[in-house]
Amino acid sequence: MSTGMDDLTLDELRRQVAGDQGRPRFGQDALIVCERVVRIYQAEGVEVQALQGLDLTVAKGELMALVGASGSGKSTLLQILAGLDVPTAGKARVGESDLLAMDAKARLRYRREVVGFVWQQTARNLLPFLTARQNVQLPMQLAGTHRSGGRRAARARAVELLELLGVAECRDRRPHQMSGGQQQRVAIAVALANRPDVLLADEPTGELDSETGALIFDAFRTVNAELGATVVIVTHDPMVAGEVRRTVAVRDGRAATEVLRRTATEADGTETVTEHEYAMLDSAGRVQFPRQFLEALGMEHRVELLLERDHIQVRPEESQ
Amino acid sequence: MRSSVPWLWPRLRHRPAATVWTGVLVAALVFLTTALPLTLARYQDTALDTTLRQAPVTGRSVEASPPEGVGIGIVPGETAQTTVGPAGGAAMQAAMATAADQVEAQIGAPLRIDTSQVSWGIQAVQHAGNETGAAVSAPPGQSPGPAPDGVPPHLSVVWQPTGQLTLMTGRLPAAPAGAGAGSLEVAVSQATARTMGWHVGTRLLVPVPSVYRGQEQLTVVGTFRDPTAAESRLPYWAGASLLGAPSLYSIPAPGQTLHYWEAEVLVAPGAVRALPQIAPPEPYWWFPVASGSLNAGQVGPALDMLASLTNGDRASTLLTTDDPVSSGLTVQSDLTGLLTQFSAQRDALEPVVTIGVAGTAGTAAAVLLMVFGLATERRTAELALLRARGAGLRLLFGRLTVESAAATVPGALVGIGAALLLLPSRVWATALGYGLAVLLAATLAGPLRMLARHRGLRPARTDLRTDLVRARPSRRRTVVELFLLVLTVAAVVALRSRGLAPTGGGLDPLTAVAPVLLGLTGALLLVRCYPLPLRLAARPVTRRSGAVGFLGLARAGRGGATGSLLPLLALLLALTTTVFGATVLSGVTERRAALTTQLVGADVRVDAVGSGVPAQLATALQRLPGVRAGTGVLTDPLAQLGTGQTVVPLGLADPASYARVSASIGLGPFVPSLLTARTAGTGSAGAVPVLASPGAAAEIGSAPTTLTSLFGTMRIRLAGVLPSTPFTPGGDFVIAAQSPALAAVHWSSAAAATPSAVLLTGPVQSSAVKALIAASGAQSQVDVLDRSDAEASLDAQPLPSGAVSLYQAAALAATLLALLAVVLALLQAAPERAALLARLRTMGLRPRQGYALILTETLPMLLLAAVAGSALGAASVPLLGSAVDLGPLVGSLDGTAAVTHASPALQLLPVVLPAAVLLVLAVAVVLAEAAVIGRRQIGVQLRAGDEA
């Protein structure tokens, strides 16, 4: 069934995943790099700034979530990463592809080969008149080249993906014969059909109950671990943060804070999960503090900075 | 295409109804398009065929003859350009046949001569004053034949080949002994023998216009069978029209018309040498055009060929040919006039037909656009997904085209096949081209429209309102609309300032485009204005407590643009076309009635041919069942006013009954007492009061004047002016009361008692009139004109009736297409509406309120379209009417193109009726939909709604 190439890729990816556990440095060997991305559009004659200089880096093989309230700009960012929208200004790069400079042809190839995505509405991810297997095969066919050659291989890969995601029994069913969770897992398989480097998901659990939602996150983790795909999940649900290693909060069109979860195994074998909240430091050196921190200390307009040996003190401006 | 994922079948299976509907629609459109050139060619071909078949022999043949006064050397002694010498019968026959071949060789395509019916002969006809033929006398003791008014029968002599004759009695005539024998043997038809009282052995004497001999003696030696009715139309009989049967001729004489019989007798070929004794012999050749050989598309080339034959290359070839007989022959034909008139009428009809067809085409295009627009909207999500997943434009276009072709190709095949099978015609290749063009457009339009929508990658933003009320037209759209507006105004102004295109100028594209442009611009303006009445209507409704009105209007305003605007456009175009068409058609009907009234002057008119309508018959006619009013009129068409400078028809009638007829038919009603009022000084001294036409009244003046007629001279005075009158509806006239007028001239002739014409009004059966006349035995003395017969013959004119039925079909098709547009728009929104109704029903909406809601939602658009469409159609009548001439559509009775320009006039019924019908049908569809929705289970409904 599996070709040599498959094995090679999987092994390679696994090695990369193992080696890349640390926090990515800005821009260097990161898969997704966004620098001061700005996106402005017109809505009924009014200019809307959806992204106002957003900075984000995602390392290869990461599983991360973008959270934020609706209107924060997270969905716009996802559209940009999916190659469906173009930033107004800034820099955005995924792998070798510059998202601002691509022409239509390059953009088409980018969507075919570099990214795969899953949308919120379960019904919108799949064509209703095709079976699950056919839906998975479709992107391979749209890409035109069945990379490992022939429809047999494409079919085999489709079945393999469905098995990996635990929905092999649905292969000959049409979307309306499946449950929501099954549909969404098939949708993940569809997104992975062309072996993309990046898997994007927009509220993938939005229409599902929490139990099924947990299953979907399992699927994402499986994909991340087994195939080494970099996964970016957009959600408004802060609880999702508990499911992934890294969570970036987007506020007012900018990345605001970031939560990293580390699982440490103690000497006695118990696992402890430590969470650290970080503020984003952009390339120009700006930091945004969480609003509640500022309100708690009454910080306004100016703060006093003191450089210590291993940290920086930030104090409210002393009142006269 | 190598495909691991099957596309076409799952796709078609997924929405079979959409595929079937598209196929049916395409089949209908392709059928209409393919049928158009077929129908045009068929009705024009039929019209030409009928015209030719009904034409006299001169109209369907080419005639060759030597120029007048020039002999051809067959007959000795005459001055000939070339002389073949004194020829015997056989030599002369051969020479005639050779000449026939020579001429026939010059007649080329597209004229095809019916070789078997080519006919020739030599005629000798005496002409003296108004009389044709030589007056016959008989040897003493014998009668020359009937002499109705004391004028003896006349005859002329003809030789034609005898191959077609069937001898009944006696033998065929033989050649005379010598050129100057003074005696000829002749044969006559049985009808001639019967009418004239001749038989084998009868001797007749005809005067010889020569100083040496007084008379030529003709001896009847045989009779031949009469031609049948069909045969008498063949050139052999029609070329020598009196050979088959004699005819009664008339010559005007002072105070009366004299009648005499005219016959034609056949002589032997050897007798041709003796013909100059009677009259100069005139050879002739008839070349009939084979029936059905000429189609409407060949009229131009046929005219070219005729021109060449009569006056061009081929004519000069004939003049210079070596053959001694045929050289010098000239060709003439009434076919030229017939074909010219045909093409003129056809060209005059073209703009009218084009307007109808263009309107239908516009409606069809709007419906097709709407179908594709709806399909695009339905598939937006699917296509966006495919694009996002990396489907290239080319691949997508290929798949969509294959998918669309799966519906359109079978539909188009059915449409084309049906059209070609039902309406076979010579222009099938053109028709096929039209059909295939529509197929191509229908197949590609859908995919192209969808691709245009999904060309960019950015999916359409869903948070913007695209509905009717809020939709903010883009700047580009405004510019396009302004451009269309300017174009429409320019087209209408150009059309009006130029008026009717010159006849024969061919199709004027502006004429075709103007109504469609008018409809389109109207629709665009309406779409711009549509939100305003909606908002106005919504305002008071919002304040009231009922929810239904508010909900309905809100939904009406928030319908998608494609679902509302294109049906609106289709409705407007269809209504504009239909209203304009209905106005034109009702104008045609009205004008035909007016034309026949002008022709007949009453519902039935019985004219005396000779002396007068017998008094008994006149009385009996007025007592026929159905007669509302009847009168007899004594007429003199050539009465002289005053000093005799002005000639005006005079009618003498009983004032009371004549006034009743006038009032009943609506031609110049008057009060009878005007004609009976006596002036001071009765008797011969008093002037007779008369009513006159405006023209005649101007001649009479206010003072009494004299009027000289058949009946004598009388003094008349003007009692009133009438616009027209039944006895001579077309022109000037003078009417007087019969008895005082005749008394004034002391007329006592018996003719005074028998009217020259009997006028009847009311639903009289023309068959009853004819039966009565037949019973009285006066068939030959009267002539019957029936208005309904005249109207029927106007309706039956091949070219106008074909155009009228084509126009009717176009209007009907446009109406059906508009209705289809409404139904499709309703069906598209049906699932969503059903879901809404179900949700509202869960909140306690009653079924009756459901009906009301659906109606308030859909009616604003329908009402507006109906009102605006009718208004546009009504506006198009004065705007475009000047470009449409009713004249050729009305047609004419005598075949001459009496084309007086007549524009259609605005009428209430044709304007209101189409919209009313459309509205009623549309409301019926809406109510049916509401009833279907109401029947379903709420649960099923809600789930179905979510799926959609």
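1. Strand S7 (residues 198–202) of chain A and strand S8 (residues 230–235) of chain A are paired in the parallel sense, with 5 bridges between them. Within this pairing, Ala201(A) has Ile233(A) in S8(A) as its bridge partner. The model is a predicted one, and the remarks here should be read accordingly.

2. Helix H7 (residues 180–192) of chain A packs on the sheet, where it touches S6 and S7 of chain A. The direction of H7(A) makes about 165° with that of S6(A).

3. The sheet in question is open and is formed by 7 strands of chain A in the order S6-S7-S8-S3-S9-S10-S11, with mixed pairing. Strand S6 (115–118) and strand S11 (271–279) of chain A are at its edges; each has a single partner strand, so one side of each is left without a neighbour in the sheet. On average, neighbouring strands of this sheet are turned by 20° against each other, direction ignored.

4. In chain B, S19(B) and S20(B) form a hairpin with 2 residues between them. S19(B) runs antiparallel to strand S20 (residues 712–721) of chain B, and 5 bridges join the two. Ser709(B) has Gly712(B) in S20(B) as its bridge partner.

5. Which strand of chain B pairs with strand S19 (residues 705–709) over 2 bridges? The partner is strand S16 (residues 629–641) of chain B, and the sense is antiparallel. In this pairing, Gln640(B) stands opposite Thr708(B) in S19(B).

Definitions and conventions:
Residues numbered from 1 in each chain as written. Chains lettered and ligands numbered in written order. Predicted model: local features only at pLDDT ≥ 70, side-chain atom pairs only at ≥ 80, totals over all residues. Pairing = 2+ DSSP bridges. Helix = DSSP H or I, 4+ residues; strand = E, 2+ residues; numbered from the N terminus. Axes fitted to C-alpha atoms, helices over the stretch in contact; angles between N-to-C directions. Contact = placed C-beta atoms within 7 Å.
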